[in-house]
Each structure stands twice: as C-alpha cells, then as structure tokens.
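This briefing covers the salt bridges and the ligand surroundings of the structure shown below. The topics are taken in that order.

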Amino acid sequence: MTDWQPQAATLANKLAAESAISDNQWRAAFEATPRHVFVPRFWELDEYNSPSRLVDGAISTHRPQWLEAAYSDRFLVTRWVPDGGRRAVTSSASLPSLVARMLHVLEVADGHRVLEIGTGTGYNTALLCHRVGAQNVVSVDINAGLVAEAAERLDTIGFAPTVVAGDGALGAEDHGPFDRILATCASRGVPSAWIDQLADGGRIVTPLTIGGALAVLDKTGPGEVSGHLDTDGAWFMPMRPASQPLPDGYLADQPQPAPDDVTHLSVSSLDPEALADPDFRLWLLLHQPQTHFVEHFAPTGLTVHNGVDIATAQQCADGRLQVRQSPRRLWDTVEAAWLSWVNHDKPRRDRLGVTATAGGVQYAWLDHPVHDQRGGGLGGVLRWPLPTSQ
Ligand SMILES: C[S@@+](CC[C@H](N)C(=O)[O-])C[C@H]1O[C@@H](n2cnc3c(N)ncnc32)[C@H](O)[C@@H]1O
C-alpha cells in the first residue's frame, strides 16, 4: 500500500500557492488523483534531455525516488523510441503546473462534454473525470497500447471514460459535439475536425508547435475559432500523423551546411540577450514557422536554421555578435523580425492570437482578430497567414 494522499495534497497545495490552481474543484481533483498509479515507471533524463535510466516503482530500491517524482512538479517521460542513435520521447506525464494552467484556461463547467487529445498516461483524463464525470470525457491517443494501459488505470480508481485509439487530428466524431477540446500534444494548425466537432459556445485549448504557444480559442462563428495565446508557454511533443511512427520534426537533425555554403560574415547589431526572449522568438517563429533555434552550450552563441539555410551567431570578446551564414542570409530575417517586434512595442505573447476556420484557413494577429491587412511582410502587418499543414 502506498500512502499517497498526503503527497497528492502537498502537490495540490504547491500548485495553489503558485497560482497554477485557482479554484477549489480543480484543487480537489489534484488531491484525489493518485498520479503514481498513472506513472508506474518513468525515465530519468540525462544532461542532453535524453531518456537514460528507468525508475520503476515495482523495484523496491527505486520506490522512494519514484514516489517523490510522481508527486513533484515534474514532467515524467514514460515512452521513447530509438531515432537515429538518439531517443525520441513519444509520451510523458505532463508537468503538473502546466496541466493545472491548461485546465484553468479551459474554463470547464459542470456537465460539459470534454474531448482530450493525447491520453498518454491517463492522469489528465482522470482529473477531467473527477471534474465533469467520466461519462462526459472522451480521450484519444494514437498509441493503442497507451490507451489500453490508461483505461486499466482509470478503471482501478473507478473511472470509465470513453477512450479511443486513433489519430487525434480527426477528433472523435461519433462522441461529439464537445463543449471543450483539450490537446496535450502540439499541432501546427487547428485540425478542421476539432472545429467541426466543437459545440456553440465551445472552447479549444491547444499547444502549437510554434514557439511554445498555447492557443485558447473560442467558437466565434460557424466553422470558426479565434482567441488569444496564453501568457504561459506550453512546449509539448508534436501530434504525430497516423502514417508516421516517429514524431515529425521532434529532435530534428540540425542541418550542417558545407563550409563553402557559409559565405557571408557580418556583425549583428542585435543584443544577444534579447534573442533569448521567448516572446521575441515566438514573434519570429509565427512569421517564419520553418525556423528552428539551436542553443550552443559553449561558447555563447545561437544557430538558426530552417532546414535549408543556416546562420550562426557567436558572441565576440567585445560583446557583439559575429554572424556566419549561407548566401540566402537567414539572419537577415531574424533582424527584420526584431525590428518589427520593437516597432510593435515588443508585444508579449498574450497580445497575439490565432483565428482558424474549418476550411483550413489560419492566421495570427496582434491585439485583435479583425484588423486591416496591409502588406505581407514583417513590417507593419498586424494580421498574417499561418501554414496549417502538420
Ligand atoms: C505529453 S503526452 C500526453 C500526456 C497526457 N495527457 C498525460 O496526462 O499523461 C502526448 C501524447 O500525445 C499522443 N499523440 C501524439 N500524436 C497523436 C495523435 N495524432 N493523436 C492522438 N494522440 C497523439 C502521444 O502518444 C502521447 O501519449
């Protein structure tokens, strides 16, 4: 027997003290849900964030560490697959404070029907069952093994929600419409099926694959959802297409241009610290969704690439950034994004929003979804299209 209740209460108290939980019903759900049941074992990460060592609650010497981790504000990796010599994480129990934040912005009410995309361990599903009743919860995961395990664990604590093995991008048509849709894997665009299956007055909360954006989208008309990004970032593993066994782009290889490609040397006027601002990065990525950032651990520097072109900025002794880049000068787009971000008063992420239609049109905007649509570049534009393909 595991005396888990005091530990669950301590976790709930901690989340409440940090304002991650702000209402008593969610607090009660966190207190009543045995997270260790949903994470019977997990993988510790090494310094490169790669799963390295299994911690298994069934092994007596592991138990203290396992139980402590289960009730800590930590995300716990539960599944990975080999990926070209590395280990790509394919499922995890999400960070409890982030789970709490997402449930908070979901604004669930009694009797709501909720669709969860990404069942994973089943822990979040259990919290939803506690709040709205298992009969109102439908959860989908692409991994049939995970779905079966989650259903068993949910059953042991008395919940029998509808769990479905399948591609969450398709929603769960047979079980809709839904008042709330919560995704715990990230998608590039908002899948049309979710918009179609959302009831009037409904809300979708979904992480995007772009810059850790968490979109909070309300149904604003037939076939349309729109809303701001949350103040908090939410970095989730991408939703995998059903046809592809590995997460697309997750732990992507960094393209290494041949030395001959790096022809352009310059000094950038950008402040290296500014480049680390997650809201600036989000601004850049929303305009240039193919861009990736790669941090150098030492010496201080930054690489950006978009799968074709690459630019590396290295801080010199005088504090300025020296930039090496390929002929198409990707760094220039970083500088243009910086100027545009500054010209718009360095908007924080919650000034940005997204509108998506069931017809597949999606755009990002600043401050308000209805704006003039001057131009199409980075300068002065307040609303711009986003690619929707996964
Ligand atoms: C971060 S985990 C979910 C955490 C989960 N909510 C929990 O409480 O344990 C993300 C999950 O998304 C699932 N996933 C990835 N692509 C998917 C897809 N196309 N449809 C449904 N689920 C998907 C993964 O299998 C993984 O279990």
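Arg320 is partly exposed, at 46% relative accessible area, and forms a salt bridge with Asp318. The closest N and O atoms of this pair are 3.1 Å apart, and Asp318 is exposed, at 51%. The model is a predicted one.

**Other salt bridges**

- The whole structure contains 18 salt bridges.
- Glu107 and Arg203 form a salt bridge whose closest N and O atoms are 3.7 Å apart.
- That pair joins distant parts of the chain, 96 residues apart: Glu107 lies in the loop between α5 (96-106) and β5 (114-117), and Arg203 in strand β9.
- Arg203 is buried, because its relative accessible area of 12% is under 20%.
- Arg328 and Asp309 form a salt bridge with a closest N and O separation of 3.1 Å.
- The partners are 19 residues apart, with Arg328 in the loop between β16 (321-325) and α10 (330-343) and Asp309 in the loop between β14 (301-305) and β15 (310-315).
- Arg328 is exposed at 61% relative accessibility, whereas Asp309 is buried at 10%.
- A network of salt bridges links Asp277, Asp279, Arg348 and Arg349.

**Ligand surroundings**

- The ligand has 25 residues around it, and Ser91, Thr121, Asp141, Gly168 and Arg240 come nearest.
- The shell divides into 8 nonpolar, 13 polar and 4 charged residues.
- Strand β4 gives the most to the shell, with 4 residues.
- A polar side-chain atom of Ser91 is 2.7 Å from a ligand oxygen atom.
- The protein buries 99% of the 600 Å² that the ligand exposes when taken alone.

Methods:
Residues are numbered from 1 along each chain as its sequence is written. This is a predicted model: local features need pLDDT of at least 70, side-chain atom pairs count only at pLDDT 80 or more; totals for chains, interfaces and linings use all residues. Side-chain values use heavy atoms; hydrogens and water are left out. A residue is near a molecule or strand if one of its heavy atoms lies within 4 Å of it. A polar contact is a pair of N or O atoms within 3.5 Å; within protein, one must be able to donate a hydrogen and the other to accept it, and residues adjacent in sequence count only if both atoms are side-chain atoms. Accessible areas come from the Shrake-Rupley method with a 1.4 Å probe; for residues, only the protein chains shown count as cover. Helices (H or I, at least four residues) and strands (E, at least two) are DSSP runs, numbered from the N terminus. Ala, Val, Leu, Ile, Met, Phe, Trp, Tyr, Cys and Pro count as nonpolar, Asp, Glu, Lys and Arg as charged, and the others, Gly among them, as polar. A salt bridge is a side-chain nitrogen of Lys or Arg within 4 Å of a carboxyl oxygen of Asp or Glu. Buried means under 20% relative accessible area, exposed over 50%, partly exposed in between (1.4 Å probe, protein chains only).
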